[in-house]
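Please examine the structure shown here alongside its sequence.

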Amino acid sequence: MNTPADRSSGHAPALLWFRDDLRLADNPALRKALDTGAPLIALYILEEGKDAPRLPGGAARWWLHHSLAALASAIADKGGRLILRRGRALDILPRLCAEAGVSAVFWNRRYEPAAVAVDTAVKAALTAAGIEVHSLQANLLAEPFALKNKAGTPFKVYTPFARALRALGAPRAPLPAPSALPDGPRDIASDRLEDWGLLPGQKPNPKPDWAAGLRAAWQPGEAGAAARLKDFLDNGLKGYAEGRDCPAKRHVSGLSPHLRSGEISPFQVWHAAAHAREAGAAPERDIEKFLSELIWREFCASLAFHQPDIATEPLDSAFRAMPWRDDTAGEAAWRRGQTGYPLVDAGMRQLWHEGTVHNRVRMVVASFLIKHLGIDWRRGEEWLWDTLVDADAASNPANWQWVAGCGADAAPYVRVFNPILQGERFDAAGAYVRRWVPELAGLPDKWLHKPWAAPADVLEKAGVTLGESYPKPIVDHDAARRRARDAYEHVRGAR
Ligand code: FAD
C-alpha cells in the first residue's frame, strides 16, 4: 500500500472509476489518468443502498456481468487489473483511496440525477480528504447543462434541441485506446464477478437460466460494440431512413445496449457515420436520419437530467387525472405475448427472448398497453426496465412518456397505434411476426396481422385454432380506442 507520504513522492496511484463507460477507447478519464504517469487503480463499484442510482433490471444485470468480464480481460491484456467492489460509492471510494494512498480520482461524468447526487457527494468527500477529483465529458455529445433555449431554460421540444446541439459544431474526434496500462498496487482486494450473482441461475441467484436468447443475440463488451458498428456501417446504414421502420430488416444498428453501458461512445459512433458520409458509403438522408436518432438519445438524457422523477411523474401534470385501469389478466397477456394481436405478441416475445424490441414495435407494444388496455405507462416502463438489455434511466421513461402523450414533444394521446395497420405496413411480408409467433406462420400474409378475421377454412389450413393454438384478441380495437378517448377526457378536464 502507498502511504500518504507516497502521494507527494510521485508514486501515489491514480484511480479511475469506471461507471457507464466500460471501454478503453475514447475514454477521456482514462486518458487523463494515464497522463499523470502514476500507477493506475481501475475500479468498478456495483452501487447499492438508498442513494444508489436506479438499480439495473434482470437483463441489464446479465449485460453488466458480461461487459465487466470483457473489460477486465481487456485491462488484463494491457497489464492492468480491474478491481470490483459492491456497496455505496460514498463509503467505498474514500476508504479505498485512503488505504492505497491515491492522489487523484478520475471519472467520466454521468447525468442521471441520482447518479449526479452520488458523484457530488463523493467528490466533496474526496476533496475534503485532499484528493484531487477530475471529471470529464465522455458519454454525451452535449452535456445537458450546455444546451439552453433562448429563454435560458432547458429544451422541451426535440427539433430546437437538435438544432442547438448541431450548432455546437462537429463533436470532438474519438481518442485511441491506450497501448498499455500501468498496474497499480497488487495488494488491493477485489470481489469476484461470479459472486455478484448478476446472471440468472447463478448462485446466490436461484432464478432459472432465461438468458440463452440473450447469449445468442449479443456480444457485450467493447469488441462486440465495435463489431456491431462495423456490421451496421457495412450492411445497415445504406437504406436506414426507411428500413429502420421494418422490424424484419437489418437496418438498425443494435448499438443501444453498447451505448448504454458505454462500451462505445457517441463520439465514436458519430465519427464513424461522418466517415461513411465522406466515403459516400450511404445516401445523405440515411446518415442524417441515423445522426438524428443519436440526438434523440441526447434529448432523453437532457430531459431526465432536468426532471429527476421522469420515471414516476408525467411531464404533463394534467395526466395525473388519467383514470388508469387495473387489468391484471390483460397486463399478464401483454407481458407473455398472448394478446391476440400478432405484432404486439411478436414484440413482447422478442423482448423476452433477446432483451430488445425493434423501435417501431416498441412504440406499438407501449401504445397497446397504455391505450388498448388503459394501463398506466409506469407499469410498462418498469417491465421494460427489467427486460431490456438497453434499459436506460433516461431513454426508457422519456420514450414511455412520449408514447403515453404526457412527455416532452409527445405524440398526442389520441394517437392510438393500430397494431393491425402497423403490421401490414411495416411487416407486410410477415417475416417478423412469423419468426416470433410461429403458430401463425402458415397464415397467408393477408390475414397474418388479423387472424380473427380470417375465414374458417383459411385458419384450418394454416393449423390455427383461435382460442387454442393462438389467443383471440383480448380487447376489440375499436372499442379500446373509444375507451381510450373517453379516459382522456379526464386529462382534458384537468387542463
Ligand atoms: P438505431 O436505430 O440504430 O439508433 C441508433 C441509436 O440512437 C440507438 O442505439 C439509440 O442510442 C439512439 N436512439 C434511437 N432511437 C431513440 C429514441 N427513440 N430515444 C432515445 N434514443 C434513441 N432506448 C434505449 O437506449 N434504452 C431504453 O431503455 C429505451 N426504451 C424505450 C422504450 C420505449 C417504449 C420506446 C418506444 C423506445 C425506447 N428506446 C430506448 C428508444 C429506441 O427504441 C431504442 O434506442 C432503439 O430501438 C435501439 O435500437 P438501435 O440501437 O438498433 O437503434
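Alanine 14 stands opposite alanine 104 in S4. The two strands concerned, S1 (residues 14-18) and S4 (residues 104-108), pair in the parallel sense over three bridges; pairing requires that DSSP find at least two bridges between two strands. Helices (H or I, at least four residues) and strands (E, at least two) are DSSP runs, numbered from the N terminus. This is a predicted model, in which local features need pLDDT of at least 70 and side-chain atom pairs count only at pLDDT 80 or more, while totals for chains, interfaces and linings use all residues. Residues are numbered from 1 along each chain as its sequence is written.

S1 and S4 belong to an open sheet of five strands, ordered S3-S2-S1-S4-S5, with parallel pairing. Strand S3 (82-87) and strand S5 (132-136) stand at the edges with a single partner strand each, so one side of each lacks a neighbour in the sheet. On average, neighbouring strands of this sheet are turned by 25° against each other, direction ignored. UniProt lists residues 12-141 as "domain: Photolyase/cryptochrome alpha/beta" (unreviewed entry); its positions are given in the numbering used here, feature names are shortened, and annotations may be inferred rather than shown by experiment. Over residues 12-141 the chain is 43% helix and 22% strand.

Which helices run antiparallel to each other? The axes of helix H11 (residues 266-278) and H12 come within 10 Å and cross at roughly 170°. That makes H11 roughly antiparallel to H12, a term for angles over 145 degrees. Axes are lines fitted to C-alpha atoms, for helices over the stretch in contact, and angles run from 0 to 180 degrees between N-to-C directions.

Around the ligand there are 27 residues, of which Val252, Ser253, Asn359, Asn396 and Asn399 come nearest; a residue is near a molecule if its C-beta atom, placed from the backbone, lies within 6 Å of it. Helices H10 (256-260), H12 (284-306), H15 (359-372) and H17 (395-404) each supply at least two residues of this shell.

In UniProt, the feature "binding site" (unreviewed entry) is placed at Tyr240, Phe290, Asp390, Ala391 and Asp392. These positions span 153 residues in sequence, and the farthest two C-alpha atoms are 23.1 Å apart, so they do not all gather at one spot. Aspartate 390 is located in the loop between helix H16 (377-387) and H17.

Key
Angles under 35 degrees count as roughly parallel, over 145 as roughly antiparallel, 65 to 115 as roughly perpendicular and the rest as oblique.
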